[in-house]
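User: I have a chain open here and want to go through it with you. Can you take my questions as they come?

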Amino acid sequence: RGRPCCVRACASKKGPSPTGSRKRDESFSTTRRDVVFALGLGLATTGGSSVALAEEGVAMTPVKSLPKGAKAQQRQEVLGLIKDAIKANVSDDYVKCLKLAFLDAVSYDKGAKTGGANGSIALFPDELKALGLDGELSTTVSQIKKAKEEVERASKFPLTISVADMIVFAAYYKVRSNFIKQIVDKAKDPTSANVILQGYGNDFPPPPLGRVDAEAPDGSSLSLSTADLAQRALGNGLTAGNVTALAACFPTGTLEEVESQLKEIDGKFAFYTKSYQQSRQTVTQTNYQIDFAAGFAKLSTLGAKFDVERYFHPIPKQGLPKKL
């Protein structure tokens, strides 16, 4: 509950339902002062970070002992910084961001336990060159790295965001905005669009945070054919529905071209392609957007190693609620 999503709604594949549709996407606008006041710590009035407070001898609660509520608030802060930095610095369209995230993640070799969503495609330029995509995606990589720098600069606490996380969240926020635009563009007027977004949108929760960057280039090589990429994704645990929903991520053509290629591979791909093409003609695009979200959630964790606690910071013990 309270998860940030593409649009505030709970529409299901059986049809739109307004039940539980009044959640608001406020979590990403939470300010540091709001965070502190919510925790009852009074930290916002101290004029310093947790590092400064520790230096002044204030008793601090270490990261490993932070309450769940404090961790959740700090996670939302980091996501807010990422969202703002991507909006300000990543001007390339959602398709390029999706391609980058897809290629980084689908490199996972399940047998060898190598590759995956570890940022190597942006950290080691030879990977993009080997795929022949450096000309198409190198600017996207530069923009994402610039956004990463802004996140770290904007944080009031020591923070080093992984490139792997930035790649995933650039794709997430870009496609999320596109999904909203698709619904708005199909509405007859702004008022109708707002009603649809608030009452009948599609749940698209953010991926998990805390990916660890690769220390060396991925050893496995990718074949840039739709059939080979689809098979690799299937081998890594994605379903035919997941793969078809993620057709926009493939670097082998436009969405329509990739879908046509997938239909020739297998009857399951043909079934889902027809379903998603029909769904995209509707106002809410429910089946397509929800299945895309599910596929992207799986993709974003392929082979990823997580250490989310490195994004947290200690907080003063004073003001923490006492255990009952």
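**Salt bridges and the rest**

Analyst: Start with E152, which is partly exposed, with a relative accessible area of 23%. Keep in mind that this is a predicted model.

User: Which side chain does E152 meet in a salt bridge?

Analyst: The partner is K148, at 2.6 Å from N to O. Both residues sit in helix α7, four residues apart, which is about one turn of the helix.

User: And K148, buried or exposed?

Analyst: K148 counts as buried, since its relative accessibility is 16% and the cut-off for buried is under 20%.

User: How many salt bridges are there?

Analyst: The count is six. Another one joins the side chains of K99 and E136, with N to O at 2.8 Å. K99 belongs to helix α4 (residues 94-106) and E136 to helix α7 (residues 134-154), so this pair ties together parts that are 37 residues apart in sequence.

User: What is the accessibility of K99 and of E136?

Analyst: K99 has a relative accessible area of 10% and is therefore buried. E136 is at 28%, so it counts as partly exposed.

User: OK, switching to the whole chain. How many helices and strands?

Analyst: There are 14 helices and two strands in the protein chain.

User: What share of the residues is buried?

Analyst: Of 324 residues, 47% count as buried. The accessible surface of the chain is about 15,400 Å², and carbon and sulfur atoms account for 52% of that.

User: Now helix packing. At what angle do α10 and α12 pack?

Analyst: At about 70°, with the axes 10 Å apart. Angles from 65 to 115 degrees count as roughly perpendicular, so α10 and α12 are roughly perpendicular to each other. Helix α10 covers residues 226-235 and helix α12 covers residues 255-265.

User: Which residues make that contact?

Analyst: From α10 they are T226, A227 and A230; from α12 they are V258, Q261, L262 and I265.

User: How does that contact split by class?

Analyst: The contact of α10 with α12 has five nonpolar residues, two polar and no charged ones.

User: Last topic, backbone angles. What is phi at K113?

Analyst: Phi of K113 is near 60°, a positive value in a residue that is not glycine. K113 is in the loop between α4 and α5 (120-123). With a relative accessible area of 58%, K113 is exposed.

User: And Q285, what is phi there?

Analyst: Q285 also is not a glycine, and its phi is positive at about 50°. Q285 lies in the loop between α13 (267-279) and α14.

User: Is Q285 buried or exposed?

Analyst: Q285 is buried, with a relative accessible area of 2%.

Definitions and conventions. Residues are numbered from 1 along each chain as its sequence is written. This is a predicted model: local features need pLDDT of at least 70, side-chain atom pairs count only at pLDDT 80 or more; totals for chains, interfaces and linings use all residues. Side-chain values use heavy atoms; hydrogens and water are left out. Axes are lines fitted to C-alpha atoms, for helices over the stretch in contact, and angles run from 0 to 180 degrees between N-to-C directions. Angles under 35 degrees count as roughly parallel, over 145 as roughly antiparallel, 65 to 115 as roughly perpendicular and the rest as oblique. Contact means heavy atoms within 4.5 Å. Ala, Val, Leu, Ile, Met, Phe, Trp, Tyr, Cys and Pro count as nonpolar, Asp, Glu, Lys and Arg as charged, and the others, Gly among them, as polar. Buried means under 20% relative accessible area, exposed over 50%, partly exposed in between (1.4 Å probe, protein chains only). Accessible areas come from the Shrake-Rupley method with a 1.4 Å probe; for residues, only the protein chains shown count as cover. A salt bridge is a side-chain nitrogen of Lys or Arg within 4 Å of a carboxyl oxygen of Asp or Glu.
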